[in-house]
Amino acid sequence: MVKAVVLGAAGGIGQPLSLLLKNSPLIDELSLYDVVNSPGVAADLSHINTPATVTGYLPKDDGLAKALEGADVVVIPAGLPRKPGMTRDDLFQKNAGIVRDLIVGIAKTCPKAFILIISNPVNSTVPIAAEVLKAHGVFDATKLFGVTTLDVVRASTFTASVVGEKDPRKIAVPVVGGHSGETIVPLFSQASPKVEIPEDKYADLVKRIQFGGDEVVKAKDGAGSATLSMAFAGFRYLTIVHAVRGEKGIVEPTFVYLPGVAGGEEVQKAVGGVEFFAVPVELGPNGAAKATNPFGGVTEKEKELLAIAQKGLQTNINAGVEFVKQSGPKL
Ligand SMILES: NC(=O)C1=CN([C@@H]2O[C@H](COP(=O)(O)OP(=O)(O)OC[C@H]3O[C@@H](n4cnc5c(N)ncnc54)[C@H](O)[C@@H]3O)[C@@H](O)[C@H]2O)C=CC1
Ligand SMILES: O=C([O-])CC(=O)C(=O)O
């Protein structure tokens, strides 16, 4: 039996992601929580004739604890999305507190669950989650993930269009670092199959992958950021459930706390000591089984991108850690 919980289930990402989960044979029980409309979304989805049961909860009557009771996997797309002109860091003020409070609920109710964080800024919300879990004495780095899969999905799509591959799914480009602007680093040198990016297209392609989110924010013109592609990517990352169910050989880039994952220390050394970093991670029934070191054959250009990413990431991580320190009794 696998119980999945979506926190922020009534939102732009939460609704289509919940739909995909309701349609998945991997999930037996689906629990939806939001500050608005989650019972409505649950009632709607419950009419779909797939086996997963669906229940919706609001904050009243201890709804968060009830939603989380017995959870195996908790995915969090709760919080504000960007509007044109905003950076992901501009969301920190609102989303840091939202993520902190939801993680407190997880720490108290289902501390052994896998936690997948989508809420931005991911570079800070994941360190916030780690600090809250540490404060409650239940932190397990092998079960906490920042979802960076949308960067991987975009890298595949945009690279395919540059190299003329009609089916983007055939191109896998590892994307490492963080999840905002220059902290996002595509490693074309490690692509599978091998790809040749023409010299005159390289810089634009990197930029498009790094700032793909802005493309959507601009096109939506005030109506939010990526939701459907994020729901697709979030569901893809929920292949973690395949690993939970015992399937072997699953490796996906994801943002993890390196010192707590096997192989992480070697990666940490390679990235200038930064503690949180997205690298391809081997997933197993207990979560992150091994962080792989993808830097063996990187090019000089990729080294430059990695150096820039490390700096930005460290600042974002520090902001998250500091926020929790200042939170005091709210924990
Ligand atoms: N990691 C990634 O690659 C991506 C992350 N995002 C981020 O995902 C987040 C959600 O985006 P959207 O779904 O478009 O926003 P949205 O505004 O459509 O939905 C957010 C939902 O969160 C709910 N919410 C707010 N406070 C809550 C709380 N305390 N507890 C539970 N639910 C709460 C809202 O009621 C709303 O239903 C944003 O922070 C956005 O920046 C978006 C795209 C990609
Ligand atoms: O751009 C945003 O704000 C949403 C996001 O993280 C993405 O689309 O990658």
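The legends below describe close-up views of one predicted model.

In this predicted model, local features need pLDDT of at least 70 and side-chain atom pairs count only at pLDDT 80 or more, while totals for chains, interfaces and linings use all residues. Residues are numbered from 1 along each chain as its sequence is written, and chains are lettered from A and ligands numbered from 1 in the order in which they are written.

**View 1. The surroundings of ligand 1.**
Ligand 1 is surrounded by 33 residues (a residue is near a molecule if its C-beta atom, placed from the backbone, lies within 6 Å of it). The closest are Gly8, Gly11, Gly12, Ala78 and Asn120. Helix H4 (residues 92–109) gives the largest share of this shell, three residues; helices (H or I, at least four residues) and strands (E, at least two) are DSSP runs, numbered from the N terminus. By class, the shell holds 19 nonpolar, twelve polar and two charged residues. Here Ala, Val, Leu, Ile, Met, Phe, Trp, Tyr, Cys and Pro count as nonpolar, Asp, Glu, Lys and Arg as charged, and the others, Gly among them, as polar.

**View 2**
The shell of ligand 2 consists of Pro81, Arg82, Arg88, Asn120, Leu150, Gly213, Val216, Val217, Ser225 and Ala226. Its largest share, three residues, comes from helix H8 (residues 212–220). Five residues of the shell are nonpolar, three are polar and two are charged.

An unreviewed UniProt entry places the feature "active site" at His179; UniProt positions are given in the numbering used here, feature names are shortened, and annotations may be inferred rather than shown by experiment. His179 is found in the loop between strand E7 (175–177) and strand E8 (184–186). His179 is buried, because 27 other C-beta atoms lie within 10 Å (buried means 20 or more other C-beta atoms within 10 Å of its own, exposed 12 or fewer, and partly exposed in between, with C-beta atoms placed from the backbone). Leaving aside neighbours within four places in sequence, His179 is in contact with Val122, Asn123, Gly146, Thr148, Asp151, Ile184 and Phe255; two residues are in contact if their C-beta atoms, placed from the backbone, lie within 7 Å.

**View 2. The packing of helices H1 and H9.**
Helix H1 (residues 14–22) packs against helix H9 (residues 228–237) at an angle of about 40 degrees, with the axes 8 Å apart. Axes are lines fitted to C-alpha atoms, for helices over the stretch in contact, and angles run from 0 to 180 degrees between N-to-C directions. Pro16, Leu17, Leu20 and Leu21 of H1 meet Leu228, Ala231, Gly234 and Phe235 of H9. These contact residues divide into seven nonpolar, one polar and no charged.

**View 3. Two cis peptide bonds.**
Asn120 and Pro121 are joined by a cis peptide bond, with omega about -5 degrees. Pro121 lies in the loop between strand E5 (114–117) and helix H5 (122–135). The bond from Ser192 to Pro193 is also cis, with omega near -5 degrees. Pro193 is found in the loop between E8 and helix H7 (199–210).

Asp62 is not a glycine, yet its phi is positive, near 60 degrees. Asp62 lies in the loop between strand E3 (53–57) and helix H3 (63–68), and counts as exposed because it has 12 C-beta neighbours inside 10 Å. Asp221 has a positive phi of about 50 degrees and lies in the loop between H8 and H9. With 9 C-beta neighbours inside 10 Å, Asp221 counts as exposed.
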